[in-house]
Amino acid sequence: MQNDIFGKCVKFTSAREIMAAGVYPYFKRIESAQGPEVIIEGQRKVVVCSNNYLGLTAHPKVKEASIAAIKKYGTSCTGSRFLNGTNDLHEKVERKFARFVGKESAILFTTGHHANLGALSTLVGKSDIVITDKLDHASIIDGCRLSMGEMVRYRHNDMADLERQLIKYPSNGKLIVVDGVFSMEGDIANMKDIVRLAKIYGARVMVDEAHSLGVLGETGRGIGEHFGMESDIDVLMATASKSLASIGGFIAGREEVIHYVKHMSRSLMFTASLVPAAVAAIDASLDIVEKEPERIRQLWANTRKMKEGFNALGYDTRTSDSPIIPLTIGEDMKAFQMWRMLYDEGVYTSPVVSPAVPEGQAIIRTSYMATHTDEHLDLILDAFEKVGKQLGIIPGGSKRVKSKSQKHRLKNDWSFPFTKGQMSLITKRWIKNLWSFKQ
Ligand SMILES: Cc1ncc(COP(=O)(O)O)c(C=O)c1O
């Protein structure tokens, strides 16, 4: 067939080439519950690529709440929030979340991605400007693209560049949108200066708290609590798929703003509502975040141990200031190779390669949970020490003091099948499509 729209599918071979080489790190089939350990291909792996920051996916109260919700409400609401898909649980959780983050009102979408699409496409109108950090999450970019306004981007966490963009549009409505904690770098948005500039230039501020809710602030209320400036955030987005051990996305703010978003968002009105089991899990998780603040403290103790451990080994942990700790590896090929070697050592990580990160600065992204034990953390550091030395990423001698929990054995008898040139071509062809919005 001439000009067959399936032609591009037939030509798309990059992912298959990576699979054939045995270094394909994506869509791994997990055969157990999500926790600090999972079973993949029948083997135990320690997980360092999950967003289950407080480890609540295994909490008995969260599981019981979901089961009870299924018993009472069944498995689905079979309709949109707008029509037959709202029940008393959705509204209860919205009130609870709004109170938790100190906002007048909140609305619950079916996913965090939908929440960003819905809020940004409705709030940013025809002559408005939406100003984003270059490392903002894909769902923010997608929401901006769906809006009728103009999207402007400033260099990552660069306040002088943000100011340059704000100055350019003196008479337009303006919304600055940032990740509270950036999902790849693990660094924190400079809220103090963002809010200061927003006030000077008459802009509103929206923060995506996907990786900061349950993580930042003494009681896990997010970046507003961390900086003591809750009331300066005009619109707060949070996902339930990370610290809250479920799925779903909240938008919270002033009552009339939420009322507007609720009645205008296509991603709320034209999709089925969140299933009762998921809503009940959010409800129970919010209670646990409030009642068990020791989980947040443990998460930070684990984070500190890992950051210090990696730095002592000689790794560059970049600007991370959160439980997301990226490690600079270098060439894309090396990151894939390292991913596979760590996987064989029983450590399950995420490689992030160009153009998601600049050329030659591929990372292994790691992230931590309150429920990682010292033994897990030591195993991870040991694996990174061994593999990092083998690949020449860190120097030979270790400065790390080993703890008694290191009973495990490390193995490695695997060799990488690609040359540097082959690997970069294959990965670039494919990853470029995924991340093309970044360019
Ligand atoms: C910063 C950020 N915002 C939004 C989302 C989307 O949330 P969800 O996965 O719940 O749809 C994610 C998920 O990875 C994220 O990291």
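Colleague: Which residues does Phe310 touch, not counting residues up to four places away in sequence?
Modeller: In this predicted model, Phe310 lies in helix H13. Phe310 is buried, with 24 other C-beta atoms within 10 Å, where 20 or more is the cut-off for that class. Leaving out residues up to four places away in sequence, the residues it touches are Tyr315, Thr317, Ile325, Leu327 and Phe384.

Colleague: How many Å apart in space are Phe310 and Leu381, C-alpha to C-alpha?
Modeller: Phe310 in H13 and Leu381 in helix H15 are both among the residues through which these helices meet. In sequence Phe310 and Leu381 are 71 residues apart. In space, C-alpha to C-alpha, the separation of Phe310 and Leu381 is 7.1 Å.

Colleague: Are H13 and H15 roughly parallel or roughly antiparallel to each other?
Modeller: H13 and H15 (residues 374-390) pack with their axes 11 Å apart, at an angle of about 20°. Angles under 35 degrees count as roughly parallel. H13 and H15 are therefore roughly parallel.

Colleague: Which residues of H15 meet H13, and is the crossing right-handed or left-handed?
Modeller: On the H13 side the residues are Asn302, Lys305, Met306, Gly309, Phe310 and Leu313. They meet Leu377, Leu381, Phe384, Glu385 and Gly388 in H15. The crossing of H13 and H15 is right-handed.

Colleague: Which element gives the largest share of the side of domain 1 that touches domain 2?
Modeller: The protein is divided into domain 1 (7-53 + 294-438) and domain 2 (58-291). Contacts join 20 residues of domain 1 to 18 residues of domain 2. On the domain 1 side, helix H13 (294-313) and strand E10 (324-330) each supply at least two residues. The largest share, 3 residues, comes from E10.

Colleague: What distance separates the centres of domain 1 and domain 2?
Modeller: The centres of the two domains are taken over C-alpha atoms. For domain 1 and domain 2 the separation is 28 Å.

Colleague: Are H4 and H12 roughly parallel or roughly antiparallel, and is the crossing left-handed or right-handed?
Modeller: The axes of helix H4 (residues 88-101) and H12 come within 10 Å and cross at roughly 30°. Among the residues that meet are Leu89, Val93 and Phe97 in H4, and Val279, Ile282 and Leu286 in H12. That angle is under 35 degrees, so H4 and H12 are roughly parallel to each other. H4 passes H12 in a crossing that is left-handed.

Colleague: Is the crossing of H5 and H6 right-handed or left-handed?
Modeller: Helix H5 (residues 112-123) and helix H6 (residues 138-146) pack at about 35°, with their axes 7 Å apart. The residues that meet include Asn116, Leu117 and Leu120 in H5, and Ile140, Gly143 and Cys144 in H6. The crossing of H5 and H6 is right-handed.

Colleague: Is Ala245 buried or exposed?
Modeller: Ala245 lies in the loop between strand E8 (235-239) and strand E9 (249-253). Ala245 has a positive phi of about 55° although it is not a glycine. Ala245 has 28 C-beta neighbours inside 10 Å, and therefore counts as buried.

Colleague: Is Asn3 buried or exposed?
Modeller: Asn3 is found in the segment before helix H1 (7-11). Phi of Asn3 is near 55°, a positive value in a residue other than glycine. Because Asn3 has 5 C-beta neighbours inside 10 Å, it counts as exposed.

Colleague: Which residues does Gly220 touch, not counting residues up to four places away in sequence?
Modeller: Gly220 lies in the loop between strand E7 (203-208) and helix H9 (223-227). Gly220 is buried, with 24 other C-beta atoms within 10 Å. Not counting residues up to four places away in sequence, Gly220 touches Leu213, Gly214, Val215, Ser243, Val289 and Ile296.

Methods. Residues numbered from 1 in each chain as written. Predicted model: local features only at pLDDT ≥ 70, side-chain atom pairs only at ≥ 80, totals over all residues. Axes fitted to C-alpha atoms, helices over the stretch in contact; angles between N-to-C directions. Helix = DSSP H or I, 4+ residues; strand = E, 2+ residues; numbered from the N terminus. Parallel < 35°, antiparallel > 145°, perpendicular 65-115°, else oblique. Left-handed = near helix turned anticlockwise from the far one by under 90°. Contact = placed C-beta atoms within 7 Å. Buried ≥ 20, exposed ≤ 12 C-beta atoms within 10 Å, placed from the backbone. Domains from an automatic or database assignment.
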